[in-house]
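This report goes through one structure part by part. Keep the sequence and the 3D view open while reading.

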Amino acid sequence: MSMLNYVIRRLLFMILVLFGVSILVFGVMMLIPPGMRVSAYITHERIRPDQIDSMIELYGLRDPFPIQYVRWLGNIFRGDFGFSVTAESPVLEGFKLYFPTTLELVLYSAPLVILVGIWFGTVSAIHKDKPVDHGIRLFAIIGYSLPTFWLGLLLLMVFYGYLGVFPPGTLSNEGKDVVYSPEWIAITGLLTVDGILNWRWDIVWDALYHLILPTINLIILSSALIMRLMRSTMLEALGQDYIRTALAKGADRKTVYYKHARRNGLLPVVTISGILFAGLLAGMVITETIFTRKGIGWWMARAALQLDVPAIMFNVLFLGTVFVVVNLIVDLIYAAIDPRIRLG
Amino acid sequence: MSSDSKPTLQPASGDEDRVPESTAEKPQAGHPRWKDLGFSLKRLLKNPLTIIGLTIILFFVFLAIFAPILAPPPRPTDPFLMPHKGWKIAPSPPSKDAPLGTLPSQYDILYGVIWGARSAFKIGVLVVMANMVMGIILGSLAGYFGGLIDEIIMRITDIFYAIPLLVMGMAMVVALGRGLTSITIVLIILGWPTYTRVIRSEVLVIRDMDYIQAARASGSSHLRILLKHVLPNSIFSVIIVGSMRIGITVLIAAALSFLGLGSDAGYADWGQMVSTCRNWIVGPADNRLGYWYVVFIPGFVIALFVLGWNLLGDAIRDVFDPKMRRR
Amino acid sequence: MEKLIETRELYTDFYTFEGVVKALNGVSVVVNQGETYGLVGESGCGKSVTVRSMMRIVQSPGKIVDGKILLFFREADRSKGIDILKRSETYMISMRGDDISMIFQEASTSLNPVMSIGYQVGESFYFHRLAQMLELTVKELEEEIPRAKFFLVKGWKRIQRGLFRRELGRLTRYSAEIDRIDEQLYQLEDQEDPQSVRKKVLLNRHRDRLREKDGLVQFVRRVPFLRRYYRRLDRTVKNQVVDLLRSLGVSNPDRIVDGHPHELSGGMQQRIVIAIALACHPIMLIADEPTSNLDVTIQAQIIDLIKTLKETTIASVLFITHDLGLVAEICDRASVMYCGDVCETADVKTIFHDPLHPYTKGLLESVPKAEQVETLSTIPGVVPNLVDPPSGCRFHPRCPHTMDICLETKPPTIEYAPGHYVACYLYMDNER
């Protein structure tokens, strides 16, 4: 029963946090003068300057903060997130259009980042202070220091510019023709999955081909975090007394490292993985801009520059929700796998 | 624990033996006392990575301080405006005039690198110091007094953690108006939660220690206890976190600049310089890597700067982290 | 008395940041069959390092730098013993937990928190008694197969039986070969000529390579669904574990087996640690201060348990402690150690009634006695730093009878009386 209890408490807590987030982001948006915010309501081409004032009055853009906030909340609960100038459609529609692209990249890169990090971290811990260890740690700290945008540009310059492989974007032009044609049935929005469902394996390959470079980019940049964590948790586990017991039992080195130490070392990595996932999602802004992938990150970059308030607010709320939900899931998973933890 | 009932071997020997067989824990599960500082500093300097990190940082300090001499500004009132010889759009390769080449519209890369060091330091150090102060104040309050204050502060921290940094940062910078000052302000506002949490957890540990209870019993005021006992012992963890965060801060600031939220074109701002290369990734057909210097150099400088701080921060953490001190 | 294990002039050093810690300074200890041997000394005197060297699990940055460690376990080894310092790590791995077992001080941290008790105890069976476990499982399956009605179930059991049989067969063949190699190695034990040395190296290498498993079995173990067949073996092992725990006085073993260490009390945890150590009926048990962190009552229980086990399953016990009372209670013979040196060795009665070495005397005197009214006597001085130990006899700075020679060279160990050894220049003339 206490498990249910715990989950309910966390959910309530989540709602509280999200409210806080919404207030904060709304407050920031209120700093923008009404004249610019009114663009969210302009769904057609031209507006005469004198009409702007009346529109501001109409939408209550000069009303006090609490009133505007409540009004906005009311709209949200009715499913109305406003109109996005940059998406040229209601915010929800824009989201449905852009999100699958981002999701696809995150779904392919997050597990790889984690696996690469775990593997190298383990190797690093096992061969502590030997050249392999130093090499891996050096690689990790360099990867950690690289600017996200720079590595992507360099990769593009070498692979795409010089070698002519791995172009930016999500699909080749031919691929795009196929996907935008009426025969294409987009069920999930994820190109690789839809490709299989439509039995167009050439599209699947095309999408994967365009995913390779951004994934490599993300792996180099983000696995460093996991690598370092894995290394330190493994080393800590290896210093524990139960390793001594395992040795005295007659365990061979492989068993000691991979069964006894690594299991204990993986636990904190689980928690970080959740944060990593949420972080990757939020950090897509740069990656998508560089590789010209039209996902929510790319959308946000444009939305911020053009002060597309509804879009910004929606995405901040969305990403915040993802963060909080992922944390809850991760905590539950952690409690499930660590026998020492009993929730309540 | 059996102590008096059975005869045991406890002759009047003082120190614990130095053999690692017995894990002699220090009385506080905290940080080295200030007198261990000398030992720690020596270890710090023995680490080759520290030396490299420090060298890199000192190199950039040199660039920043001597910028007016190394790269005399064409317009003294606005030193961050980069000089440009001519208006040709395509970047020029390294030459006698521009040792590192030029950006599109002929802005001198070397100049930008040198003066950009100043901005980088300004943003990095300012944001981290401000965040450290905020973190120390809020963290100590939350950890020491507990209760409602703690709850409120921690909830606010959670809210800030949930906010996506880049997206929110972008929005805020645009709302406040673009520029490096806005970026600095925004990063200060968004960055304090990490430090708060770190200090709070340190304070929580220290708060229950015996000598704090003794101080309370002898009538010290809360403020005195905070300043005299709690803070000096929790400072180390902030220093560790801070030194590791300078790198990230500069990276995020550069990212924001890259997206166009920093200085305008033509100003010495590393992130902005990188953004100019986006149209020049692929050179002419006969020399496809032709504009490599635009793509490579400004970003490399950022990476080097951040690497220096990360190396130093790592070394500091290795030396001061109580778990890793033996050996 | 037949010798069981002997260390000769064992030197172990630790290469730390602060310098080289010369932990063992030529330790020679002989444990005989069937006796309980006590290793006494203060914290840091090298008792744990000695036994960890014996099992070759010295923690880094430590290294055994000189000496011999001889085992006389098998009948065939009677005359000269096997110097395990010359054997491969694979050899040691097969020995640890099987021939020699060790239990440690802090039971709660000695158990892996994320693994079930059953698995941790059962691991010993997997390492050393795999053949028996496989045999048992095959036998059980043999009985079940005729009784199984549903043909799929029957087929599945047949597959299980087949795979286990394969594994068993290979194991048996290879263990016979390993025995032969060991015999050859034993014959070449003392021979140091280059040809023999090379042969020994080749034999060791061959021995290591024999550990590979059957190809088919390995393949099936990787196939996601099929590999569940191995659970059958897990069940057999678990039953063995339950039996073992029950015999050690653990109540509700079938529930505990699925639980985790943190759910148990300190005394129970120590029993589990003992269970792990005894699972394969070792010839010798090393107990490194197993009761130092327990309540007096629990301590008594564990000591009783060890005494009982000594009579039934284990032949010999090497007991480390700083508690003289325990030594008096359960040990037959004991060695007193100080700073990496063995000061005195004798049977327990002699140590208490007729101590020779000044350190032993000092220790016995510092124990407060019931009728004592004056100030407690102590040994003046402090335990020295082993990075820079005192020259000659390491006890000389604190000894009331220091002579010039004590500062020059380490005193050799002499046999003052039959079975009574002491390393002190005071007794040099009385040598037999």
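This is a predicted model: local features need pLDDT of at least 70, side-chain atom pairs count only at pLDDT 80 or more; totals for chains, interfaces and linings use all residues.

Is β3(C) mostly covered or mostly open? Strand β3, which spans residues 36-40 of chain C, is mostly covered, with five of its five residues buried. The cover is on both faces: C:Thr36, C:Gly38 and C:Val40 lie on one side, C:Tyr37 and C:Leu39 lie on the other, and all are buried.

## The sheet of eight strands

β3(C) is part of an open sheet of eight strands in chain C, in the order β6-β7-β8-β3-β9-β10-β12-β11, with mixed pairing. Which strands stand at the edges? They are β6 (100-103) and β11 (414-417) of chain C; each has a single partner strand, so one side of each is left without a neighbour in the sheet. From one strand to the next, the twist averages 20 degrees.

An antiparallel pair in chain C is formed by strand β10 (residues 341-347) and strand β12 (residues 420-422), with two bridges between them. C:Glu344 has C:Val422 in β12(C) as its bridge partner.

## The hairpin of chain C

Strands β1 (residues 3-16) and β2 (residues 19-32) of chain C pair in the antiparallel sense over eleven bridges. Together β1(C) and β2(C) make a hairpin, with two residues between them. Opposite C:Thr7 stands C:Val29 in β2(C).

β1(C) has a further antiparallel pairing, with strand β4 (residues 62-71) of chain C, over eight bridges. Here C:Arg8 stands opposite C:Lys68 in β4(C).

## Helices of chain C

Helix α4 (residues 117-128) and helix α11 (residues 266-278) of chain C have axes that come within 7 Å and cross at roughly 25 degrees. An angle under 35 degrees counts as roughly parallel, and α4(C) and α11(C) are therefore roughly parallel to each other. α4(C) contributes C:Ile117, C:Gln120, C:Val121 and C:Ser124 to the contact, and α11(C) contributes C:Ile272, C:Ala275 and C:Ile276. By class, the residues of this contact are five nonpolar, two polar and no charged.

C:Thr137 is found in helix α5 (residues 130-147) of chain C. Why does C:Thr137 count as buried? The cut-off is 20 or more other C-beta atoms within 10 Å, and C:Thr137 counts as buried because it has 23 C-beta neighbours inside 10 Å. Apart from neighbours within four places in sequence, C:Thr137 is in contact with C:Phe164, C:Arg232, C:Leu233 and C:Thr236. C:Thr137 and C:Arg165 are 28 residues apart along the chain, and their C-alpha atoms are separated by 9.4 Å.

Chain A has 15 helices and two strands. Its C-alpha atoms fill a box of roughly 85 × 55 × 40 Å along the principal axes. Chain A has 344 residues, of which 43% count as buried. Among its contacts with a separation of 6 or more, 74% are between residues 24 or more positions apart.

How many residues of chain A are in contact with chain B? There are 41, and they touch 40 residues of chain B. Elements of chain A that give two or more residues to this side include α1 (2-30), α6 (131-145) and α15 (309-337). α7(A) gives the most, with nine residues. The side of chain A that touches chain B has 34 nonpolar, seven polar and no charged residues.

## The nonpolar core and a residue of chain B

The largest nonpolar core has 281 residues, and B:Ala171 and A:Leu153 are among those with the most contacts inside it. Beyond its neighbours within four places in sequence, B:Ala171 is in contact with A:Val28, A:Ala304 and A:Ile312.

B:Phe121 is placed in helix α4 (residues 109-145) of chain B. B:Phe121 has 19 C-beta neighbours inside 10 Å and therefore counts as partly exposed. B:Phe121 and B:Ala175 are 54 residues apart in sequence, and their C-alpha atoms are 24 Å apart in space.

Methods. Residues are numbered from 1 along each chain as its sequence is written. Chains are lettered from A and ligands numbered from 1 in the order in which they are written. Axes are lines fitted to C-alpha atoms, for helices over the stretch in contact, and angles run from 0 to 180 degrees between N-to-C directions. Helices (H or I, at least four residues) and strands (E, at least two) are DSSP runs, numbered from the N terminus. Angles under 35 degrees count as roughly parallel, over 145 as roughly antiparallel, 65 to 115 as roughly perpendicular and the rest as oblique. Two residues are in contact if their C-beta atoms, placed from the backbone, lie within 7 Å. Ala, Val, Leu, Ile, Met, Phe, Trp, Tyr, Cys and Pro count as nonpolar, Asp, Glu, Lys and Arg as charged, and the others, Gly among them, as polar. Two strands pair if DSSP finds at least two bridges between them. A nonpolar core is a set of buried Ala, Val, Leu, Ile, Met, Phe, Trp, Tyr and Cys residues joined through C-beta atoms within 7 Å. A residue is buried if 20 or more other C-beta atoms lie within 10 Å of its own, exposed if 12 or fewer, and partly exposed in between; C-beta atoms are placed from the backbone.
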